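Please find below a colleague's note on the model under review. It is arranged as numbered points, to be read beside the sequence and the coordinates.

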Amino acid sequence: MAPIHQISKLFLFFYLITLAACAQENRDRPNILVILCDDLGYSDVGFNGSKDIPTPALDRLALGGTICTSGYVAHPFCGPSRAALMTGRYPHKYGSQFNLPVNNSGPQSKGIALSETFISKLLQDAGYYTGAVGKWHLGEKKQFHPNNRGFDDFYGFLGGGHRYFPSEYKPVYEKQLAAGNTIINDYLKPLEHNMRDVDETEYITDALSREAVRFINDAPKKDQPFFLYLAYNAPHSPLEARDEDLQHFAHIKEEKRRTYAAMVYAVDRGVAKITEALTANDQLDNTLIVFLSDNGGKLSLGATNFPLKEGKGSTCEGGYRVPMFFHWPDVVPAGKRYHSPISALDFFPTFAHLAQAKIPASKELDGKNIWYDFINGRNARSGEMVYAMRHREGYSDVGARKDEWKILKTGQQPWRLFNIEKDKGESFDLSEQYPERLREMVQETQQWSTSHSEPRWFNPQELEQLWTEKEMADFGKTFLAE
């Protein structure tokens, strides 16, 4: 038998090798930072051509990485879009195709099905330190809480939006609380940190940036790669901006546009601080940053989506084609534009690949790992459809793109066909010139719709009756011959 001291040395040798291997694995796996804005217009950032809203911090990252000119989300509204990002699946397939009900709290509150694994949980199980900051909107009940969906650290609010100035919303909340109200508007409730209310005092956008910096500063102590999901509620309504930020936009005469611009400016200021924190912690070079909006900008509240048609809520391009970029020094090509379609659905399998995380065989996905095609400038979704469907009052609007072609069905109009590369504004219907192409794409979209589930909730609630009366689960006349 070997002497005790030799055994100890041997044990120490293998222990050090194991530590080195773990350290190397962590270096090989990037940190992943997703920065999500709320209702940000396609053309309201400098890297997409904004003339009146400067976004220098975002532009530096975008121009130092690859800008996705055809970046899509899976739904033109907040909640379903976020659900798709987290699950890698169209929200229609698990009953989450509507926003969660307003003031969705209490014992009967709803949330994204627990059978759906979130990317946060997959990364957490793979050894990532995980954080969520900002807007959740995926369920308020305990089992739906971020801390129970794969996030080690959560700072933010659970509902679909929030007021921005604590000095204004706190007195209203406290007054309602003192009056014994059991249902209080989500926009007024205290922010929370890991299930405990906090007494926030800063303008909310600045508070969320502060907490993202805190997480980035804490992460190196964990000796793990990190995943941070930073979900700003700006520039979502209510339109509320700091006076100092408004002064930068005195030249904008239209009040809504001016306030909206100041809210975007506050986000950009926060991104600058986050970039500084990554640099100070020697993490910028090993962090994949993905920036996007949850859906298109809301035109009636100051946003622009030029050159795209319409905005938030629409299945025209302006509803779900969003500003997007990827940044990772010396890995993601710098100064490039990626024009092929890419979907937020693709984040789940792509992040899993980069994190060396094993996706369970039972996990269904609508996204795909686009990484190698993306960094090499190839179309990762060649010949594949990217869908959007919004249910309205008795009918459904649909948009679906394959390569350079898009079909569109809105309101009571017949199906239309566009070459979306040449006609981003969807102005020239080519259905008469290419009837067979239109027919094939409509049939493919109809086949996709057969995989949908019944909604688990409705918003507004009145749509539940229409859903039954109009037999909307069969999509009525949506897919009848064009």
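The points below treat confidence, strands, helices, cores and backbone geometry in turn.

1. Basis and confidence. This is a predicted model, in which local features need pLDDT of at least 70, side-chain atom pairs count only at pLDDT 80 or more, and totals for chains, interfaces and linings use all residues. Residues are numbered from 1 along each chain as its sequence is written, and side-chain values use heavy atoms, with hydrogens and water left out. The pLDDT (the predictor's confidence in each residue, from 0 to 100) averages 94 over the protein chain, and 94% of the residues score at least 70. Over residues 12–26 the pLDDT is below 50, and this stretch has five contacts (heavy atoms within 4.5 Å) in the model beyond near neighbours in sequence. Where pLDDT is low, the predicted coordinates should not be read in detail.

2. Strand E11. Helices (H or I, at least four residues) and strands (E, at least two) are DSSP runs, numbered from the N terminus. Two strands are taken to pair if DSSP finds at least two bridges between them. Strand E11 (residues 324–327) pairs in the antiparallel sense with strand E9 (residues 287–293) over four bridges, and in the antiparallel sense with strand E2 (residues 66–68) over two bridges. Val290 stands opposite Phe326 in E11, while the bridge partner of Ile67 is Phe325. Met324 and Phe326 point one way from E11, Phe325 and His327 point the other way, and all are buried; buried means under 20% relative accessible area, exposed over 50%, and partly exposed in between (1.4 Å probe, protein chains only).

3. The sheet E10-E3-E13. Three strands form an open sheet in this order, with mixed pairing. Strand E10 (321–322) and strand E13 (342–343) stand at the edges with a single partner strand each, so one side of each is left without a neighbour in the sheet. Strand E3 (residues 71–72) pairs with E10 in the antiparallel sense over two bridges, and Gly71 stands opposite Val322.

4. Helix H12. This helix (residues 435–449) has 15 residues and reaches 21 Å from its first C-alpha to its last, close to the 21 Å expected at 1.5 Å a residue; the expected span is 1.5 Å times one less than the number of residues. Leu438, Met441, Val442, Thr445, Trp448 and Ser449 are buried in H12. They cover an arc of only 115° around the axis, which puts them on the same side of H12; the arc is that of the directions from the helix axis to the C-beta atoms. Among the elements covering these buried residues are strands E14 (385–391), E15 (396–402), E16 (405–409) and E17 (416–419).

5. Helix H5. The end C-alpha atoms of H5 (residues 166–178) are 18 Å apart, in agreement with the 18 Å that its 13 residues should span. Which residues of H5 are buried? They are Pro166, Tyr169 and Tyr173. These cover an arc of only 80° around the axis, which puts them on the same side of H5. On the other side of H5, Ser167, Lys175 and Ala178 are exposed. The buried residues pack against helix H6 (204–218).

6. Nonpolar cores. A nonpolar core is a set of buried Ala, Val, Leu, Ile, Met, Phe, Trp, Tyr and Cys residues joined through side-chain atoms within 4.5 Å. The largest has 77 residues, and those with the most contacts inside it are Phe227, Tyr229, Leu292 and Phe326. Not counting residues up to four places away in sequence, Phe227 touches residues including Ile32, Val34, Phe151, Phe215 and Phe351. A second, separate core of 54 residues includes Ile53, Leu58, Phe157 and Val267.

7. Backbone geometry. Most residues other than glycine have a negative phi, and most peptide bonds are trans. The peptide bond from Ser237 to Pro238 is cis, with omega near 5°, and Pro238 is found in the loop between strand E8 (226–231) and helix H7 (243–246). The bond from Asn459 to Pro460 is also cis, with omega near 5°; Pro460 lies in the loop between H12 and helix H13 (463–469). Asn194 has a positive phi of about 50° although it is not a glycine, and is partly exposed at a relative accessible area of 27%. Phi of Met195 is positive, near 75°, and Met195 is partly exposed at 37% relative accessible area. Asn194 is in the loop between strand E6 (192–193) and strand E7 (196–197), and Met195 is in the loop between E6 and E7.
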